[in-house]
Amino acid sequence: ATEYGWFVYLAMFLIFFLETGIVVLAFLPGDSLLFVSGTVAAAGTMSPWGLMLAVIIGACLGNTLGFHTGRWLGNKIDIEKLRKTQIFYEKHGGKTIVLARFVPIVRAFAPLVAGAARMSMARFELYSGLGACIWAVSLIGVGYLFGNIPIVKNNLSMILLLGVIAAAMGPVVVAIGWKYVHILADKLRRQDKMERS
């Protein structure tokens with residue numbers, strides 16, 4: 001960080017832009033990298049505020065690219081198939097975009113699905129920005145706060161390794177999340193039928 005200066009901020013911007021903007025790059029490190037960068041910043045080699053800004057801008061622009069990719073893909077999908085997703089995003093889209101930011105892999109797909117579901121762009125950008133701010137500030141901030149504690153400082157490699165393992169668990173989290181979304185969608189569908197009856 002000391003040697004490369006502002007290139008570190010550019011690298012952070014690119015990593016978080018690509019992680020959510022290009023779905024096939026969803027495997028890039030996210031949460032663990034934010035925590036570790038916060039701990040490195042605590043040593044005085046980088047500005048935590050500069051890191052947060054680079055990550056927030058990268059994450060927001062990546063989400064915007066994912067959203068527009070989803071819109072384009074949505075034009076190629078049968079409208080009837082998208083109807084259920086649109087109903088879900090109308091009711092729960094904001095929460096989904098904010099919470100997805102904290103779940104590896106899911107954070108790359110949420111903007112894509114929101115775009116395909118025709119979520120309002122203004123609403124999407126509001127929640128995307130909110131989620132990116134909470135995510136970056138909290139994880140970099142926690143890393144910064146813990147960065148000078150000897151046990152954390154002396155075990156950064158282990159912390160990064162645990163973060164990579166957690167990211168590898170992403171598909172399991174996605175499967176559980178997908179199941180929850182289906183259960184919620186079924187519940188909403190049944191509730192909608194009962195209200196119409």
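In this predicted model, the residues that line the largest cavity divide by class into 4 nonpolar, 1 polar and 2 charged residues. The lining is made up of Asn63, Ile97, Ala100, Arg101, Arg107, Ala110 and Pro111, and the space that these residues surround comes to about 30 Å³. The structure holds 1 cavity of 30 Å³ or more. Which elements supply at least two residues each to this lining? They are α4, which covers residues 79-100, and α5, which covers residues 106-116, and it is α5 that gives the largest share, with 3 residues.

These two helices belong to a protein whose secondary structure comes to 9 helices and 0 strands, so that, as the definition of these elements has it, the order from the N terminus on reads α-α-α-α-α-α-α-α-α.

Within α1, the buried residues are Val8, Met12, Phe16, Glu19, Thr20 and Gly21. An α-helix has 3.6 residues a turn, so residues three or four places apart point the same way. The cover over the buried residues of α1 includes α2, α3 (48-74), α5 and α6 (121-146), and α5 is also the helix that gives the largest share of the cavity lining.

Helix α2, residues 31-42, has 12 residues and reaches 17 Å from its first C-alpha to its last, which is close to the 16 Å expected at 1.5 Å a residue. How many of the residues of α2 are buried? The count is 10 of the 12, and therefore α2 is largely enclosed by the rest of the structure. The buried residues of α2 are Ser32, Leu33, Leu34, Phe35, Val36, Ser37, Gly38, Thr39, Ala41 and Ala42. Just after this helix comes Gly44, which takes a positive phi of about 90°.

Seen as a whole, the protein has 197 residues, of which 38% are buried. Among its contacts between residues at least 6 apart in sequence, 82% join residues that are at least 24 apart. The protein exposes about 11200 Å², and carbon and sulfur atoms supply 72% of that area.

Definitions and conventions. Residues numbered from 1 in each chain as written. Predicted model: local features only at pLDDT ≥ 70, side-chain atom pairs only at ≥ 80, totals over all residues. Heavy atoms only, no water. 1 Å grid on protein atoms, 1.4 Å probe; cavity = no way out; pocket = protein on both sides within 12 Å on 5 of 7 lines; lining within 4 Å. Points joined across faces, edges and corners; volume = space filled by probe spheres on them. Helix = DSSP H or I, 4+ residues; strand = E, 2+ residues; numbered from the N terminus. Nonpolar A, V, L, I, M, F, W, Y, C, P; charged D, E, K, R; others polar. Buried < 20%, exposed > 50% of the residue type's maximum accessible area, 1.4 Å probe, protein only. Contact = heavy atoms within 4.5 Å. Areas by Shrake-Rupley, 256 points an atom, 1.4 Å probe, with all protein chains shown as cover. Expected span 1.5 Å × (residues − 1).
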